[in-house]
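Notebook open. I want the overall build first, then a few single residues.

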Amino acid sequence: MLEKGYDPHQVEPKWAERWAKKPFQADPKSGKPPFVIVMPPPNVTGVLHMGHALDNAIQDAIIRYKRMRGFEALWVPGTDHAGIATQVVVERLLMKEGKRRHELGREKFLERVWQWKKDSGGQIIRQLKRLGASADWTREAFTMDEARSRAVRYAFVKYYHEGLAYRGERLLNWCPRCETTLSDLEVNNDPTQGTLYTLRYPLEDGGEIRIATVRPETIFADVAIAVHPEDERYRNLVGKKARIPLTGIWIPIIADEAVEMAFGTGALKITPAHDPTDWEIGQRHGLPAPSVIDLAGKLTGERVPENFRGLDRFEARKLVAEALREEGHLVEETPYEIALSTCDRCDTAIEYAFFPQWWLKMKPLAEAVIERLEAGDIRFVPERWRRVNIEWFKNIKDWNISRQLWWGHQIPAWYCPEGHVTVPELERFDEDPTECAVCGSKELRRDPDVFDTWFSSALWPLSVFGWPDKTPDFEAFYPTHALVTGYDILFFWVSRMEVSGYHFTGRRPFENVILHGLVLDAKGQKMSKSKGNVVDPLEMVERYGADALRFGLVHLATGGQDIRFDTRWLEMGRTFANKLWNATRFVLMARENFVEKENEPTLADRWMQTVLARGVDEITKLMERFDLALAAREIYQLTWSEFADWYIEAAKPALKAGNRATLEGLERTLTSILKLLHPFMPFVTSELFAHLTGDEDLARAPWPEAGESDGQAYEAFETLKAAVTATRRLRGELGIDPSERIVVHLEGPGASIVLEASAVFRFLAKAEPKLGSVKRALAAVTPSVTVYLEPQGLVDVEAWQKKQQKRLRELERRLAATEKKLASEGFRKHAPAEVVAFETQRLAETKSQIERIQENLRRLSQTG
């Protein structure tokens, strides 16, 4: 027999350990139709956060559902080597020992990283197992293990020999803290309060031209001043020269249509080495690109006055501005909001650099993906993201795929002293070259850079199955069937996997892309350590249970919208688990004490069979559409309201009478409910299913079938329910104790149906039903039955009327205040939409209450 109360700490660890030690292994030769999900590999440095919890709760719900539907369901787990993040973690550990990675050298440093990965890198996988993730843990992959490294190398070699991977020099995003280049997707642009400095540049023949800048420390890298060719203010200055303040350097004034006449003074200083727009203008005009800020973020070079050299860029900004002010070159300082570009990994303000890097030509790759996406080859949930995905591809730029790190996939390119590039031939892609492919030199040096982490992640749906080899797994399980991830990495990861899949296999990497929102704090802000608003999922598991966390998150994940985290939803999940536990305990106790006396399905039995059949049908359709949030809500309603609140209560008289059909109806319905709920709450359902059926493998049990419906029985019991509910409401309005027996009168076409089921009505409503109506009574109207209750003899009618009249006056005052508020144009214009909606709803409810009280007072004032 079950314990009296449900304790997730007693139940969940047992099942988590079982699923971890005996994982759900998929067989490529089973003959079953496959259904495959590849887990978005969390960073090996990571610990579980709420985004992971939501992401994996959704994936696990889908894979458990498909497993129960008879598919060869495979969920492939793994972790990402997380180039920058992991290197930073290990460097910090070295710093505590008083060491730096350059002192160790590359080989020794990488040994330390691999050792750290072995000792500490599996934490997030252990946490996912505690959440109940039913992945095939025997297939756990790592983006830098041998098989994945081989795939990365093959992809690059193929791209190179196709002319798609190339080495070129362009202006790059550079992080001085991480000491590596960054792609545009790895750069955040955050609104930040800054200062707009207006400077005067002396002209060679007298006079001045004024420019506005937010970075006065970069004036030493100016190579021109640009104005718009149609700007009448400066047309006569084009072709003349101006002097950079604090220096003797003269620069030309040029015309370019990229200049915004309305920004600042309309004259733009051109610093190609330190601004992307300036770089493009410089390229058009053949301007040089001297750099005055080094890779450490310090001022450097002969163009920089000696007293500023070696200063950090932000310290230099203050001192340069001070010097400009002293010499009369600083005209104005204005507060100004700038879009500060920062490193996504460490939040350091980025710089710009230019030196040779590896790039991937994205335009030709994108064209093939766009064609397939336009044709609907991949389904998006929600569908709106398909168009977003396509538009990004249409505006795509080449991808900088090299990074100046040590931890990662080292680029398989070699250079001879002459600077020739050698990349292995595709037929021998995994062999290092021994001589230059151009000149035959034996003196080769390997490129020290590594690939962008996303380069290996882009191959994930292929590499986890042994690609580029045509393995049995690849043949059986590729392409995959669903990808679940947050919309925030649609461009980082999803789009790049689409490129890899279509380019290397000619097939989509996944059939469905299911994008969910972010988990925000209760105020709608992103969770971050700096804000102190991070919620630890494992703390929530400890407090509420993993089932409650999973159900609460999925329940909220509607339409791919962001989720405002609130522990009330976890409390709801925990309460729901308790409700299910108690309902199962009731059924088990009923079975234990049962003595059969009859075997005839009751109206309630036939109604529940119909409700279940319709519920299974609807929930199955929702699961097939990947609308898990609505499916969870449907299951909740079916379990809590229909089964526990109505069917169990209606079954009690029949159980007492020894009706086997009712007991079997309870068992059958509960068994189906446990199956329906299992994908969302696997722990408690597995425990209860084992007690109910003796089968300890609910995860592999078949999904319930819809079964037969009895429309007539359904309508009849709904009529009975409405009459019971109406009776309870009348009892409540008069303040009559729920246990006190009362008499009600029934009128309408459904009255006879209620009388036919009078035994159940008496039990549920604690009332004796009679046909007919009475005048001086409260009435509750339902679609087919009107219920009357005479208060005389049950309550002090006069006192009750006075109480209702007082309540009526309060409601009328509220109504007037609400109407006045909603009639105010200022309120409707300035109040948040949700506040206006709340007041509108309150107005309707207040009117309804007033009408109800007025009708009751009218009826009780009647005579005769």
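What percentage of the 864 residues in the chain is buried? I get 53%, where buried means under 20% relative accessible area, exposed over 50%, and partly exposed in between (1.4 Å probe, protein chains only).

Provenance: this is a predicted model, so local features need pLDDT of at least 70 and side-chain atom pairs pLDDT 80 or more, while totals for chains, interfaces and linings use all residues. Numbering runs from 1 along each chain as its sequence is written, and side-chain values use heavy atoms, with hydrogens and water left out.

Overall build. I find 28 helices and 29 strands, taken as DSSP runs numbered from the N terminus (helices H or I, at least four residues; strands E, at least two). The C-alpha trace spans about 110 × 70 × 55 Å along its principal axes.

Arg317. I place Arg317 in helix H9, residues 313–326. Its relative accessible area is 19%, so Arg317 is buried. I see a polar contact at 3.0 Å between the side chains of Arg317 and Glu217. That term means a pair of N or O atoms within 3.5 Å; within protein, one must be able to donate a hydrogen and the other to accept it, and residues adjacent in sequence count only if both atoms are side-chain atoms.

Ala296. I find Ala296 in the loop between helix H8 (276–285) and H9. Ala296 counts as partly exposed because its relative accessibility is 49%.

Arg177. Arg177 sits in the loop between strands E5 (165–175) and E6 (180–182). At 34% relative accessible area, Arg177 is partly exposed.
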